[in-house]
Amino acid sequence: METEVAAPTADAGDRSVYAGVMRYYELAKRAEWQVRDLPWGELPPIPEYTGAPKKLARRRDMWRSVITQQLQADELAVQMSAQLFSLAPDPEAKLYYTTMVQDEARHTEAWLKLIEEVGGRGERDPYLDQLVDLTLNAETLEEKIFQIQVFFERLIIPRFRMIARNSRGTILEDMCNRLTIDDGIHHRSGVAYERVLLANADKKTKKALVEAGQRLIPIFIKHALWRPKEREVIGRVMYDTDVRMLRQDIEHGIRLAKSFGLDVSDVHIPL
């Protein structure tokens with residue numbers, strides 16, 4: 001499905017509405033880091049444990065599955081951010097998306113190096129692939145930005161913080177701390193640009209955005225609750241907590257949608 005490239009959303013002579021987008025462009029440039037900056041060879045890649053070989057192998061597989069899922073997400077994020085760069089009609093947004101594409105490519109490079117350090121890829125999340133396919137084929141730029149930057153990028157931040165807390169003194173912790181900053185910029189820049197786009201959007205565009213979000217929610221729930229074989233036990237133990245966090249995440253997304261002037265009164269959370 002082709003997404004129509006919109007015309008610039010503001011007068012060529014008045015670009016002040018893009019001040020927020022440009023602020024995050026400058027911030028992204030200052031925050032840029034390189035894969036070589038990570039403490040390779042100085043810190044262990046993942047937490048180290050003591051115990052029987054079988055127990056150690058299970059722990060390693062668990063962390064390998066965590067890294068696999070983040071690698072999968074950032075490989076897909078490269079595609080999505082490149083699409084945003086291609087479709088954005090405004091030069092300020094295009095400038096910002098050059099930094100986002102570079103960020104996602106750098107994240108992918110770092111995850112690829114880290115996954116090799118811990119024994120290679122694990123099981124792929126099928127629902128994440130479905131979510132990305134839905135977003136890549138969304139009909140409007142407004143839908144793509146809301147799903148990628150406003151919704152997804154915000155949700156990953158507390159996950160990175162949780163991973164970092166549980167992997168102290170490792171390369172994984174260092175990476176997650178860096179990605180928390182990068183994805184915070186991705187999210188806030190998306191919010192800033194979405195406000196500009198929706199300020200000029202017609203009712204049809206806004207309605208389509210809400211309907212796309214409703215289609216996305218059931219798949220997102222499956223993604224959030226899915227666990228590979230290596231983390232099935234943890235998934236069962238954490239199920240109630242995961243559901244509570246998931247509901248909070250979706251409700252926050254609905255509040256954000258309201259702040260953009262979208263009518264989300266009919267949105268249903270199937271939990």
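Glu142 is buried but takes part in no salt bridge; Lys206, the nearest side chain of opposite charge, is 9.8 Å away. This is a predicted model. The structure holds 14 salt bridges. The largest nonpolar core has 27 residues, and another core, of 26 residues, lies apart from it.

**Glu142**

- Glu142 sits in helix H5.
- Its relative accessible area is 12%, so Glu142 counts as buried, the limit being under 20%.
- Which residues does Glu142 touch, not counting those up to four places away in sequence? They are Glu194, Leu197, Leu198, Thr205 and Leu209.
- One of these contacts, Glu194, is itself a Glu.
- Ala88 is 54 residues from Glu142 in sequence. Their C-alpha atoms are 9.8 Å apart in space.

**The largest nonpolar core**

- In soluble globular proteins, nonpolar side chains tend to be buried together.
- Six of the 27 members touch the most other members: Phe151, Phe220, Ile250, Phe260, Leu262 and Val264.
- Which element gives the most? Helix H7 does, with eight residues.
- Phe220 is in contact with Leu131, Phe151, Phe152, Leu155, Leu246 and Ile250, leaving aside neighbours within four places in sequence.
- Two of those partners, Phe151 and Ile250, are also among the core members that touch the most others.

**The other core**

**Salt bridge Glu92–Arg15**

- Side chains of opposite charge can pair when their charged atoms come close.
- Glu92 pairs with Arg15, with 2.8 Å between the closest N and O atoms.
- Glu92 lies in helix H3 (residues 91–117), while Arg15 lies in the segment before helix H1 (19–31). The pair therefore ties together parts that are 77 residues apart in sequence.
- Is Glu92 buried or exposed? At 10% relative accessibility, Glu92 counts as buried.
- Arg15 has a relative accessible area of 22%, so this residue is partly exposed.
- A network of salt bridges links Arg15, Asp90 and Glu92.

**Salt bridge Lys29–Glu26**

- Lys29 and Glu26 form a salt bridge, and their closest N and O atoms are 3.4 Å apart.
- Both lie in helix H1, three residues apart, so about one helical turn separates them.
- Lys29 is partly exposed, at 39% relative accessible area.
- Glu26 also counts as partly exposed, at 33% relative accessibility.

- Asp129 bridges to Arg124, with the closest N and O atoms 2.8 Å apart.
- Asp129 is partly exposed at 27% relative accessibility.
- Arg124 is partly exposed too, with a relative accessible area of 39%.
- Gln72 contacts both partners of this bridge. Leaving aside neighbours within four places in sequence, Gln72 is in contact with Arg124, Asp125, Leu128 and Asp129.
- Gln72 lies in helix H2 (residues 53–87).
- With a relative accessible area of 1%, Gln72 is buried.

**Nonpolar surface patch**

- Which residues make the nonpolar surface patch of about 350 Å²? Val233, Ile234, Val237 and Met238 make it.
- Met238 is placed in the loop between helix H8 (232–237) and H9.
- At 31% relative accessibility, Met238 counts as partly exposed. Patch residues need over 30% relative accessible area, so Met238 passes that cut-off.

**Glu232**

- Glu232 lies in helix H8.
- Glu232 counts as partly exposed, at 39% relative accessibility.
- Glu232 and Glu109 are 123 residues apart along the chain. Their C-alpha atoms are separated by 28 Å.

Key:
Residues numbered from 1 in each chain as written. Predicted model: local features only at pLDDT ≥ 70, side-chain atom pairs only at ≥ 80, totals over all residues. Heavy atoms only, no water. Core = buried A, V, L, I, M, F, W, Y, C linked by side-chain atoms within 4.5 Å. Buried < 20%, exposed > 50% of the residue type's maximum accessible area, 1.4 Å probe, protein only. Helix = DSSP H or I, 4+ residues; strand = E, 2+ residues; numbered from the N terminus. Contact = heavy atoms within 4.5 Å. Salt bridge = Lys/Arg side-chain N within 4 Å of Asp/Glu carboxyl O. Lys, Arg positive; Asp, Glu negative; His and termini not counted. Patch = residues over 30% accessible without salt bridge, like charges linked within 9 Å, V, L, I, M, F, W, Y side chains within 5 Å. Areas by Shrake-Rupley, 256 points an atom, 1.4 Å probe, with all protein chains shown as cover.
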